[in-house]
Amino acid sequence: MQKEAAIREPLILGHKTYHDITEDVCRPIEDKAPKMWYTLFGIALIIGLYGVGSICYLLGTGIGVWGLNKTIGWAWDITNFVWWVGIGHAGTLISAVLLLFRQKWRMAINRSAEAMTIFAVFMAGMFPLIHMGRLWVGYWVLPLPNQFGSLWVNFNSPLLWDVFAISTYLSVSLVFWYIGLIPDFATIRDRAKKPLAKKMYSILSFGWSGRAKHWNRFELVSLVLAGLATPLVFSVHSIVSFDFATSVIPGWHTTIFPPYFVAGAVFSGFAMVQTLLLVMRKAMGLEAYIHTKHVEYMNIVIMVTGSIVGTAYITELFISWYSGVEYESYAFINRATGPYWWAYWSMMTCNVISPQLMWIPKLRRSLLFTFFISIVVNIGMWFERYVIIVTSIHRDYIPAAWSMHFPSHIDIAVYVGTIGLFFVFFLLFARFFPVLALNEVKTILKGSGQSYKESPDYHKHH
Amino acid sequence: MSDKVIYVMYDDDEALKDSAKKLVSKGVKISEVFSPFPIHGIDPIIGVKNTRLGIMAFLYGLTGLTVATLGMRFFMVTDWPMNIGGKPNFTYLDNMLAFVPISFEFTVLCAAHGMAITYLLRNKTLPGMPAQNPDPRTTDDKFVMEIRLNENHGISEADLDEMLKETGFFELDKKEIN
């Protein structure tokens with residue numbers, strides 16, 4: 001058992017036992033779902049189905065139904081793609097990077113953050129697929145032997161790198177998440193009373209036993225997967241940024257993109273984790289496990305990554321002037337003062353100013369304020385991608401070709417639809433899966449639990 | 001040959017660890033420990049060796065890197081060199097920098113999945129397998145030690161019972177197996 005300094009706030013509040021932890025996490029799964037769950041699920045499902053319908057219409061008609069034109073060939077589709085992938089980054093950061101740094105507070109939030117990652121990457125992956133127009137030939141992005149002669153995909157293209165990056169990221173995150181879930185499914189299996197639930201959780205738990213040897217393997221597998229996922233998470237958003245950075249469009253081909261995109265991804269991902277967890281902890285009665293200290297830690301991450309993003313924005317502006325390249329300068333002058341000034345200044349306000357408020361301890365410990373800022377950051381990060389993508393291409397080489405992008409009804413429906421689908425998945429997860437890594441949390445109970453830390457023996461023996 | 005298995009249950013991880021230490025020092029062989037979460041420090045006491053899955057992950061990663069390198073060399077250099085803006089692409093080295101991202105991704109892909117699959121196979125935990133733990137409470141808040149009589153020839157059952165009683169267990173269960 002590990003001891004920690006007395007001045008550190010306990011991570012588990014109240015007087016919990018091992019059995020209480022099991023009860024607290026499993027009860028919401030075993031009880032009937034509250035009415036609120038059905039209401040939210042219904043709303044999310046309707047929005048999601050509307051999105052699916054719009055995608056079907058799009059596939060049947062062609063991507064002309066989007067508001068794209070010959071100047072702006074990439075707009076909401078790629079914006080939404082990057083936005084969702086970015087959101088996904090927090091889950092891996094929490095479970096992998098914080099595991100390597102031995103941050104115990106991750107244990108309360110890693111499960112749901114990883115679930116969020118997986119669902120977000122699902123949503124992200126959908127956009128490039130439907131942008132192909134012919135979804136059914138999506139497998140052509142893989143280097144498969146084919147009947148077109150020696151025709152292979154282009155391994156020099158960042159778009160292909162992205163295919164590999166996103167599919168590796170999705171599948172590795174899924175495996176990482178599931179390996180952690182197996183022991184917790186076993187707990188639910190061993191408690192289940194209804195035959196159907198018993199059967200389902202029995203299948204899902206793969207017959208997990210909890211033998212010492214298995215735990216020994218489990219810990220090593222988690223550590224090695226964390227070690228693999230850490231560079232992976234940085235590589236994925238770097239590669240997403242290469243989609244732009246390796247092009248020759250002013251405003252896109254900047255070497256600052258990879259670190260700036262990674263910081264932005266973590267920034268937006270943590271904001272989404274806050275949005276989801278602040279509601280979930282309340283709805284599922286997990287306030288003892290996910291409390292103000294966890295929220296504060298996450299807010300500090302938001303503050304740090306937000307500052308990196310802010311620095312990157314200003315560096316970009318400075319370099320565009322300092323480069324002396326008039327095309328480069330114009331791209332940025334146009335962003336700030338052109339017809340999309342409102343998008344640029346929304347991005348600046350949401351992403352540069354709002355995270356700085358987190359320097360004030362009172363604000364970063366306020367749950368209501370955090371929830372508000374998390375929404376602001378999510379909006380800001382969507383605008384960031386929109387600004388980077390659309391304002392860089394809408395005024396291209398010949399002024400006669402200059403254009404504006406107006407989203408069509410389908411653009412909006414597909415985007416809003418993915419938000420609906422995301423919540424459908426997340427609500428199902430919250431209903432049927434253990435939302436907290438309950439067995440992992442038990443390992444920190446004696447070291448970081450309130451009742452243990454406050455007991456007079458805590459600092460005496462061992 | 002028939003055998004008797006003793007399942008000794010404790011309600012605390014530290015209690016199990018302490019009694020395991022005592023039992024092992026008296027020469028008792030503990031064949032297995034079941035717990036809801038990893039008990040740190042139990043492995044050397046009961047003689048569980050460290051897993052070699054890490055080495056396997058490295059080998060899988062190496063395989064991925066090799067496949068990616070050979071694959072891209074074949075696709076982009078041997079089989080169908082593409083002329084992209086006249087950039088040199090006649091040897092692997094000329095083109096190597098563009099192959100770094102996919103080489104890395106494929107290495108990670110193979111290492112992670114190879115290790116995960118090996119882990120599940122070695123544990124014999126696969127979809128639909130029946131639960132292997134002796135008591136459903138071992139996934140909640142109880143910790144069970146498994147002792148087999150035929151692995152402890154020098155100790156009589158009565159002696160063992162006496163030793164176990166001293167450790168202050170929570171529950172004791174004996175089973176005949178064939």
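**The helix crossing and what surrounds it**

Guide: The axes of H7(A) (212–245) and helix H3 (residues 53–79) of chain B come within 9 Å and cross at roughly 35°. Axes are lines fitted to C-alpha atoms, for helices over the stretch in contact, with angles from 0 to 180 degrees between N-to-C directions. This is a predicted model, in which local features need pLDDT of at least 70 and side-chain atom pairs count only at pLDDT 80 or more, while totals for chains, interfaces and linings use all residues. Residues are numbered from 1 along each chain as its sequence is written, and chains are lettered from A and ligands numbered from 1 in the order in which they are written.

Visitor: What makes the crossing of H7(A) with H3(B) right-handed or left-handed?

Guide: A crossing is left-handed if the near helix is turned anticlockwise from the far one by less than a right angle, and right-handed if clockwise. H7(A) passes H3(B) in the right-handed way.

Visitor: Which residues of H7(A) and H3(B) meet there?

Guide: From H7(A) come A:Arg217, A:Leu220, A:Val221 and A:Val224, and from H3(B) come B:Leu53, B:Gly54 and B:Ala57. Contact requires C-beta atoms, placed from the backbone, to lie within 7 Å. The residues of this contact divide into 5 nonpolar, 1 polar and 1 charged. The classes are Ala, Val, Leu, Ile, Met, Phe, Trp, Tyr, Cys and Pro as nonpolar, Asp, Glu, Lys and Arg as charged, and the others, Gly among them, as polar.

Visitor: How many residues of chain A and chain B are in contact?

Guide: 54 residues of chain A are in contact with 58 residues of chain B. On the chain A side, H1 (18–30), H5 (158–191), H6 (195–204), H7 and H15 (438–448) each supply at least two residues. The largest share, 16 residues, comes from H7(A). By class, this side of chain A has 27 nonpolar, 18 polar and 9 charged residues.

Visitor: Why is chain A called as compact as a globular protein of its length?

Guide: The radius of gyration is taken over C-alpha atoms, and the globule rule is 2.2 Å times the number of residues to the power 0.38. For the 462 residues of chain A the rule gives 23 Å and the radius of gyration is 23 Å, so the description holds. Chain A has 16 helices and 0 strands, where helices (H or I, at least four residues) and strands (E, at least two) are DSSP runs, numbered from the N terminus. Its C-alpha atoms fill a box of roughly 75 × 55 × 45 Å along the principal axes.

Visitor: What makes chain B more spread out than a compact globule?

Guide: The rule gives 16 Å for 178 residues, and the radius of gyration of chain B is 26 Å, well over that value, so chain B is more spread out. The box of its C-alpha atoms is roughly 85 × 30 × 30 Å along the principal axes. Chain B has 5 helices and 4 strands, in the order β-α-β-α-α-α-β-α-β from the N terminus.

Visitor: How do you know that S1(B) and S4(B) pair?

Guide: Two strands pair if DSSP finds at least two bridges between them. S1 (residues 3–10) and S4 (residues 171–177) of chain B have 7 bridges in the antiparallel sense, so by that definition they pair.

Visitor: What makes S2(B) and S4(B) edge strands?

Guide: The open sheet of 4 strands has the order S2-S3-S1-S4 (chain B). S2 (32–34) and S4 of chain B each pair on one side only. The twist averages 20° from one strand to the next. Helix H1 (residues 13–25) of chain B packs on the sheet, touching S1, S2 and S3 of chain B, and its direction makes about 25° with that of S3(B).

Visitor: Why is A:Pro259 called partly exposed?

Guide: A residue is buried if 20 or more other C-beta atoms, placed from the backbone, lie within 10 Å of its own, exposed if 12 or fewer, and partly exposed in between. A:Pro259 has 15 within 10 Å, so it is partly exposed. A:Pro259 lies in helix H8 (residues 257–283) of chain A. By the cut-off for buried, 52% of the 462 residues in chain A qualify, and in chain B 35% of the 178 residues do.

Notes: Two residues are in contact if their C-beta atoms, placed from the backbone, lie within 7 Å.
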